[in-house]
Amino acid sequence: MTTRRKFTSKFKTKVVLELLKERSSLAELAQKYELSPQQLSNWKREFLNGAEEVFEKSSKNKKNPADEEKDQLLKTIGKLKVENDFLKDALR
């Protein structure tokens, strides 16, 4: 019975980048890392399919106008609550 090997994302990335450089053939890299050519092809396909997400993350960090308005309203509410509490204490 063979056990399944688990590979880190760092290792997979290293292998796929080496594959993309095309300095070695798919068969040569498969032999070098003791993997099947099909496995390398799968990793390459997954890598290329997810590559555009790297550049989308920067735009996801930007808040949409509704979120910005909500944050501003929450800040205003907090400020008004502090002022209200201060005035209540001052009148006592």
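## Exercises on a predicted model

Glu34 is exposed, with a relative accessible area of 61% (exposed is over 50%, buried under 20%, partly exposed in between, with a 1.4 Å probe and protein chains only). The model is predicted, so local features need pLDDT of at least 70 and side-chain atom pairs count only at pLDDT 80 or more, while totals for chains, interfaces and linings use all residues. Residues are numbered from 1 along each chain as its sequence is written, and side-chain values use heavy atoms, with hydrogens and water left out.

**Exercise 1.** Describe the loop between α2 and α3 through Glu34 and Ser36.

*Solution.*
- Step 1: Glu34 is found in this loop, between α2 and α3 (helices are DSSP runs of H or I with at least four residues, strands runs of E with at least two, numbered from the N terminus).
- Step 2: Phi of Glu34 is near 55°, a positive value in a residue other than glycine.
- Step 3: Ser36 lies in the loop between α2 and α3 as well, and Ser36 is partly exposed at 38% relative accessible area.
- Step 4: Between the C-alpha atoms of Ser36 and Leu26 there are 9.2 Å, though the two residues are ten apart along the chain.

**Exercise 2.** Find how α1 and α2 are arranged, and which residues meet.

*Solution.*
- Step 1: The axes of α1 and α2 come within 10 Å and cross at roughly 150° (axes are lines fitted to C-alpha atoms, for helices over the stretch in contact, with angles from 0 to 180 degrees between N-to-C directions).
- Step 2: That angle makes α1 roughly antiparallel to α2, a label for angles over 145 degrees.
- Step 3: From α1, Phe11, Lys14, Val15, Glu18 and Leu19 meet Leu26, Leu29, Lys32 and Tyr33 of α2 (contact means heavy atoms within 4.5 Å).
- Step 4: Sorted by class, this contact has six nonpolar, no polar and three charged residues (Ala, Val, Leu, Ile, Met, Phe, Trp, Tyr, Cys and Pro count as nonpolar, Asp, Glu, Lys and Arg as charged, the others, Gly among them, as polar).

**Exercise 3.** List the largest nonpolar core and the elements that supply it.

*Solution.*
- Step 1: Nine residues form the core: Val15, Val16, Leu19, Leu29, Ala30, Tyr33, Leu35, Leu40 and Trp43 (a nonpolar core is a set of buried Ala, Val, Leu, Ile, Met, Phe, Trp, Tyr and Cys residues joined through side-chain atoms within 4.5 Å).
- Step 2: Two or more residues come from each of α1 (9–21), α2 (26–33) and α3 (37–60).
- Step 3: Leu35 touches Arg5, Phe7, Phe11, Ala30, Leu40 and Trp43, leaving aside residues up to four places away in sequence.

Conventions
Angles under 35 degrees count as roughly parallel, over 145 as roughly antiparallel, 65 to 115 as roughly perpendicular and the rest as oblique.
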